[in-house]
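Reader: Could you walk me through a few side chains in this one?

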Amino acid sequence: MTAIDPDTLDIEARRARRFTRINKADAWFQVMGLAWLTPILKALAGDNPRAQLSEIWRLLGVPVLAIGLFLLAWGTLAPKVQTSLGAVPGPVQVWEQVGALHADALREAEKEAAFYERQDARNAEHIANGDTDRVRDRVYTGKPTYYDQIWTSIQTVFFGFLLASIIAIPLGIMAGLSATANAALNPLIQIFKPVSPLAWLPIVTMIVSATYANDGLFAKSFLVSAITVTLCSLWPTLINTALGVASIDKDLVNVSKVLKMNTYTKITKLVLPSALPLIFTGLRLSLGVGWMVLIAAEMLAQNPGLGKFVWDEFQNGSSQSLARIMVAVLTIGIIGFILDRIMYALQSLFTFTNNR
């Protein structure tokens, strides 16, 4: 009988532990859209490098090639398309405007810092002279930078999305648990779900303007955009929550009856855990819908954010405007992708859909 070398066993054990760690990390790579890291790590660990190279090509090489071909086609065809503002800008011109917007943001930050420095110096001088009545703390009111507008849009969509979730999840649970509630809510869902934000926006604007004070916690423009997002994005969450609750295993429902669970315990211990995958699917859809609706609402209502930035550039009509609009389009798409990844990560944390 051949003796097994202890060093060989130790090497194999370390290798097995390394592959176990890679497989555990793969679940999170999938969530973050970085699945191509797994075959790279496996290839470096010595796991069938030829097969892993094929996976790397499929997961990383093909997408990079597709993006490269898209940029090549864009750069080739763009100069041939003429608009009222000149030729459609190619990737190089759009990238130049990315740098220009960043430079504008840096200059605006310098102006803001200089404003507060001057204000602090004046206030210190007034205090030193004993003239405290002339001390003033003013807020800088310079024009918002591109980054400010991105942040405003993100805040607005999350506020509207949170309101939509607070409304939709309880109603969805009610509809899933009760056939009567479902019969009552279904006609309202079918009527209001297809309504465009263009129809909701003037109604919301008039109601907010008539009922909300100017000195409130939120600006009116913020509330108009957020409530419009809420009205258009709550339906996917409501529908998927109702479907998830109605799809609970009947045996579990019977067990809850045998144990004589009260309504609160039944919802928290049975309904929500079982329905979470579909609830999160609805939340992901709602957030995507909300992000699209927000840009349209900001554009039409002239509320601060990326939508207003696009509209202002369109109205500006300069030679750089079209390239800046395309920067905004790419920004909107990238942020939408990131928001979806965030919701997918939360779904992976709170549900058992991924094996980790």
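Predicted model: local features only at pLDDT ≥ 70, side-chain atom pairs only at ≥ 80, totals over all residues.

Reader: Is S233 buried or exposed?

Author: S233 sits in helix α8, which covers residues 220-246. The cut-off for buried is under 20% relative accessible area. S233 comes in at 1%, so call it buried.

Reader: And which residues does Q149 touch, leaving out those up to four places away in sequence?

Author: Q149 belongs to helix α5, residues 146-177. With a relative accessible area of 10%, Q149 is buried. Skipping residues up to four places away in sequence, the ones Q149 touches are P144, G305, L306 and F309.

Reader: On to charges. How far apart are N and O in the salt bridge of E55 and R58?

Author: Both residues lie in helix α3, three residues apart, which is about one turn of the helix. E55 is partly exposed at 29% relative accessibility, and R58 is partly exposed at 48%. Their side chains meet in a salt bridge, with N to O at 2.9 Å.

Reader: Which residues join R324 in one network of salt bridges?

Author: R324 forms a salt bridge with D104, with the closest N and O atoms 3.3 Å apart. Shared partners join R324 into one network with D104, R107 and E313.

Key
Residues numbered from 1 in each chain as written. Heavy atoms only, no water. Helix = DSSP H or I, 4+ residues; strand = E, 2+ residues; numbered from the N terminus. Buried < 20%, exposed > 50% of the residue type's maximum accessible area, 1.4 Å probe, protein only. Contact = heavy atoms within 4.5 Å. Salt bridge = Lys/Arg side-chain N within 4 Å of Asp/Glu carboxyl O.
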